[in-house]
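Good morning, colleagues. Please look at the sequence and the structure together while I take you through a few of the details.

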Amino acid sequence: MMELQKAIENVTYRNSRRFPSEEFEVILGHKEEAKPYLYESLDYALQEASNLDDKYTLHLYALYFLAEFQDKESFKRILKLASLPTETLDYLLGDVITEDLADIMYNTYDGNLELLKEASKNPENNEFACMAILNVMAQLYLDGMFDKEEWKNYLYQLLAEDHLETEIYTVAAEIICKCQFEEMLPDIRSLFQNNLINRWFLEDYDECVDLMFDYQEDIQFCKQEISIFCLKNWAMFEQEEKKRTPKSNTQKEKKRTSINKPAQNHKIGRNAPCPCGSGKKYKHCCLNKPKGGLDGSA
């Protein structure tokens, strides 16, 4: 137990740029004993809010540990964090909001769908946190946690809200397309007509139609598993320099061979950047021009 307490103490505040792999291994090895410390760190962050010491990091690590443990008891705390005002949430979680919050909530989800529904439509909540919640719900739908009609009815209700941020409608439109709810295409068209879609993310209605009928077998809105060691590449930690190893003659020969190989033709996706370098999507640029070898279909 002393070993665990020491490990927790060492990672409570950020005192160096060393990645605390040894401490993390100790915590992982004492899963049940560590949970009260992790819960306490989340409660402390909620209590202190914007007054939390900026070197305090245990609450961030707690999110990842509890997600890795798939700990359902922590879900309400995490959702409460996600529902804090934008400025406070950004101070406490930073890039975690856009990078991993959906995966963290998904892996700690306790089965209370109503809490997610309520939080996703709350106009007081941060729009990126709401987007994360929508992705959690979409993944739960794919997992069979609730039926198609319930999910569709919720999405209809969401689109009927008139106080949400553009980004939320945009993510909802993407989810509708990936879930292939063709009957909701008129609702998506209405979002475009009312300028409720972020055009940097979904350029136009035609792109949504393409996405709707782009049948993919591996659609995923959240990761099924998460690891505390995914933090190793965070900028706050020193990064190990990769050692370059001399290339063998065989490797050099392979490189020369690959360079001299005739270029293979590849089919260019309609939404891919146009190879001509215009910066436009292929469908809006060279798709309908006379073929000059761009997609190998001349």
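Lysine 117 counts as buried, at 15% relative accessibility; in the terms used here, buried means under 20% relative accessible area, exposed means over 50%, and partly exposed lies in between, with a 1.4 Å probe and protein chains only. This residue forms a salt bridge with glutamate 114, and the closest N and O atoms are 3.6 Å apart. By salt bridge I mean a side-chain nitrogen of Lys or Arg within 4 Å of a carboxyl oxygen of Asp or Glu. Lysine 117 and glutamate 114 are three residues apart in helix H9 (residues 113–120), so about one helical turn separates them. An α-helix has 3.6 residues a turn, so residues three or four places apart point the same way.

Before I go further, please note that this is a predicted model, in which local features need pLDDT of at least 70 and side-chain atom pairs count only at pLDDT 80 or more, while totals for chains, interfaces and linings use all residues. Residues are numbered from 1 along each chain as its sequence is written, and side-chain values use heavy atoms, with hydrogens and water left out.

Let me turn to the other salt bridges. A search of the whole structure finds 10 of them. In helix H3 (residues 31–48), glutamate 32 and lysine 35 lie three residues apart, about one turn of the helix, and their side chains meet in a salt bridge at 3.3 Å, N to O. Lysine 35 is buried, with 11% relative accessibility. In helix H12 (residues 166–178), lysine 178 and glutamate 174 are four residues apart, again about one turn. Their side chains meet at 3.1 Å, N to O, in a salt bridge. Which of the classes, buried or partly exposed, does glutamate 174 belong to? Glutamate 174 counts as buried at 15% relative accessibility, whereas lysine 178 is partly exposed at 24%. Elsewhere, Arg18, Glu22 and Glu23 are linked in a network of salt bridges.

Now to the overall architecture. The chain has 15 helices and zero strands; helices (H or I, at least four residues) and strands (E, at least two) are DSSP runs, numbered from the N terminus. Of its 298 residues, 43% count as buried. Among contacts between residues at least 6 apart in sequence, 70% join residues at least 24 apart, where contact means heavy atoms within 4.5 Å. The accessible surface of the chain comes to about 17200 Å², of which 46% belongs to carbon and sulfur atoms; such areas come from the Shrake-Rupley method with a 1.4 Å probe, and for residues only the protein chains shown count as cover.

How many of the residues of helix H8 (residues 101–108) are buried? The count is eight of its eight residues, and H8 is thus described as mostly covered. Among these buried residues are Leu101, Asp103, Met105 and Tyr106. The cover over the buried residues of H8 includes helix H4 (58–68), H5, H7 and helix H10 (127–142).

Leucine 79 is found in H5, which spans residues 75–82. This leucine is buried, with a relative accessible area of 6%. Leaving aside residues up to four places away in sequence, leucine 79 touches Met105, Leu115, Leu116, Ala119 and Ile133. The C-alpha atoms of leucine 79 and tyrosine 109 are separated by 9.4 Å, although the two residues are 30 apart along the chain.

Aspartate 95 lies in the loop between helix H6 (86–93) and helix H7 (96–99), and is exposed, with a relative accessible area of 61%.

Glutamine 180 has a positive phi of about 60° although it is not a glycine. Most residues other than glycine have a negative phi. Glutamine 180 sits in the loop between H12 and helix H13 (185–193) and is partly exposed at 26% relative accessibility. Asparagine 195 also has a positive phi, near 55°. This asparagine lies in the loop between H13 and helix H14 (205–212) and counts as exposed, at 61% relative accessibility.
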